[in-house]
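Please open the model in your viewer and keep the selection tool at hand.

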Amino acid sequence: MRKILLFCLSFFIINAFANDEKVVNVYNWSDYLPDEVLQQFEKETGIHVNYSTYDNNETMYAKLKANPDVGYDIVVPSTYFIDRMRREKMLQPIDKKRLVGLSNMNPALMNKSYDPGNNYSIPYLVGSTGILYNDLFYPIGSINAWKDLWQEKYHDRLLLLDDVREIFSMALLVLGYSPDTTNPEQIKAAYQKLQALLPNVKLFNDEAVKAIYIDEDATIGMVWSGDAFGAQQENPHLHFVFPKEGYVLSQDSMAIPANAPHLANAYRFINFILRPEIAAKIAAGTGYSTPNAAAMKYLPEAMRNSEIMYPNAKILARAHFQMDVGDAADDYEKYLEQLKLSA
Amino acid sequence: MKPAQVSKALFTAFIYAFFYLPIAILIIYSFNNSAFSLVWHGFTWQWYAQLWQDSDLQIVTLHSVIVGVLASTCATILGTLAAVSLYRYKFFGKKLIHSMIFILIVSPDIVLAISLLILFSAFKISLGFWTLLFAHITFCLPFVAVTVYGRLAGFDKNIFEAAKDLGASDSKIFFKIITPLLWPAILAGWLLSFSLSLDDVIISYFVTGPDFNILPLQIYSMVRLGVKPEINALCSVLFGVTLLFVCISQLALKRNSVTNARN
Amino acid sequence: MVKKGHKFCFKNISVTLIWCWLGFFALIPTFLMLMTSLVQQGDTELIRLQLTFANYFTLFNSIYLKIFAHSLLVAFEVTIICLILGYPFAYILAKLPESLKNLALLFVIIPFWTSSLIRTYAIVVILKTKGLLNTFLLWLGLIHTPLQLLYTNTAATIGLVYSLLPFMILPLYANIEKLDSRFVDAARDLGANSWQVFWKILVPLTLPGIIAGSMLVLLPAMSLFYISNILGGAKTMLIGNLIENQFLAARNWPLGATVSVVLTLFMALMFLTYVKVRSKNTADMGDLL
């Protein structure tokens, strides 16, 4: 008994001291950073990384909002959440003088409207939302646009990403509206459009998308490019499509929360990620594209030439960066609830 | 055997099969020689070997066990005291305590998670080990209280009155009469708390800080890409340990079994 | 005198401890939730401190009533299946020889000491297009194309029944075990057939167990949303989803709080009804487990 007590005691003490300077608390999307990179960082710098994960922006936002002193040093929100969080002063401005290698970034992905001048965010990874289909079930080339998914022959076949903005972006693009619309009429129209799609929907998912496509539990539907790339490696029958109407380019960026306790270490971490060879490792490990132009030459051949990861300029012209929709988020959510109820 | 007996046996077997099939699958697939747990690729120990070397997973498991043991122990102490107090004493706000226990049982996890998160931030308690422990004690406590109270209600109240008349103090009655009589229920409450604590994702997710990760959260973030064999291996080990644990406690208890107390 | 002081001491210590703990970790949070349900949603802050009952009126919106009705329907379905499977099983268990009884019951509980997520994913492995069940049926030659079982309401129901069945079995077992078998024998001697024995004797005598088990299944079935998300393809909206969505995705904390306050009240109401039905004096919170 005494030994156990002693053990517990020493455990607390260790924990108390672990909170010292040699730590950085990273809060990232799940499966978004290869272990190898973390280990290399710890080995090089001697800084211990406390790595926690989230699966949607909302969860991360709720945790930070409800308890601003929660202690994260790095978070990786998507574009529209960077927009919201910087306006709500949840992020602190990044001192670019302390960064090394910022010039390596692809200028096409910098200085976007969600964070003019990149004062709060440094791009981490980029992905596109498109369509994935299996050629064992549907002929190659038969699907080119979002609107194709509405065809009756796909009854009970589709996988839709379980993300309210992604689902509505698809419908809004089909209708020719902006995916960031706050116009109630347009949102309603999108809702009605989606209602027509419901008979085709087999499932909503945002967590095991890759496995579901690989195992052919779904044979067609929406996908994030990183999952698509990974799934193709396992199942060569899968094909990715950049829809004709346009597509959402989601860019997740590193940011420093306003009350980050280990600021110096946070900068060291960002600088580490900015290194071209590290950025390449992350891109290779996750299947998403790197915003780091200098990293391209470190990528495996197959990735560098992958259309999914690095689409040409013509496709890129159809890309759309998501912005915050403010209070309209409520409307979107209400319609999604209504949609699922009629499913 | 009569047909009625055969159908009874078949039915019982069917229900047990229903309960154990998923467990059997996860144990079998923990030996599958493939990173994809779908098709059988032959037998391997490799996931167990990998588990043995995965120090991160071990630390996280250790964290979980420590929180589980501490939380269920504290919850058991508090829950037993609550049950005994509610059963024996009249005191200020008794109804309120009753309702609090009820509310804790029925509120959805996400509600408890968010309200505790607000509480901790209102009192500027930084998230981490302690907040996690407090939260776990809180959601385990009512289950212990209810289990113990259920057992207590089965006794004749006169036993305690008789003891009191014979001059036993309240603390003496508690330690010498109540506790020995209740200990199957107390043990059951502890086991229930421990399993609740080891299985909780939602509340833990919100109340833990960046420097303290526990097993359910780790499992949650790992199963997203399909269950990895390493997780299957870990769950098999935990299942084996639980089974061992149960067998030992069964042997120790013999007649006064845990399950008896649960009812 | 010493004794009296002692008593005072023990009672005070335990009551104070309970009060402190539940007061801080249950009463204050519940109060905070209640307050949250009475204020407005904020623009940049989560809430705006302005008293309103609007959230409660919003709940009468047809969507929310539908979600509530739908959750209740799903929960009832699951409860009835659990009852149909659980009653005979509990009966058989309760009539086992003394030496086997406890062991048999323990083996009902043991599977539930492993991670519920992992168990749910194990069900996915069984039901997948290329999963065990389909492989088996194809091998037997019973089917020629794989059945689409996963991501259907059936799959979600199977998952819920799997997770909640023990909560039906345990109270039923407790009740049936206490049952005096002489009632059954007497009825038989008086010429009642099995059906009559069941409806006229067993059901009324085990009603408390049936109700307790049904409560324990019904209440969680309304809020266990991750099972229906993983197995049912997230196509349905349960009360649990609604609360989570309001807190996280819609960032409408007041509405989320309102839903959970109403849900708690609803459950309390059901519990009180149960206490009334059960009988005037014997029911107490111990019946919950």
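Select chain C, which has 13 helices and two strands (DSSP runs numbered from the N terminus, helices being H or I of at least four residues and strands E of at least two). Its radius of gyration is 24 Å, well over the 19 Å of the globule rule for 289 residues, so chain C is more spread out than a compact globule (taken over C-alpha atoms; the rule is 2.2 Å times the number of residues to the power 0.38).

This is a predicted model, in which local features need pLDDT of at least 70 and side-chain atom pairs count only at pLDDT 80 or more, while totals for chains, interfaces and linings use all residues. Residues are numbered from 1 along each chain as its sequence is written, with chains lettered from A and ligands numbered from 1 in the order in which they are written.

Next, show chains B and C together: the contact takes 73 residues from chain B and 66 residues from chain C (C-beta atoms, placed from the backbone, within 7 Å). On the chain B side, select helix α1 (residues 3–29), which gives the largest share, 13 residues.

Now select Ile74(A), Ala113(B), Val207(B), Leu164(C), Tyr173(C) and Ala221(C), which touch the most other members of the largest nonpolar core, a set of 265 residues (buried Ala, Val, Leu, Ile, Met, Phe, Trp, Tyr and Cys joined through C-beta atoms within 7 Å; buried means 20 or more other C-beta atoms within 10 Å of the residue's own). Helix α7 (residues 153–178) of chain C gives this core its largest share, 16 residues.

Conventions: Contact = placed C-beta atoms within 7 Å. Buried ≥ 20, exposed ≤ 12 C-beta atoms within 10 Å, placed from the backbone.
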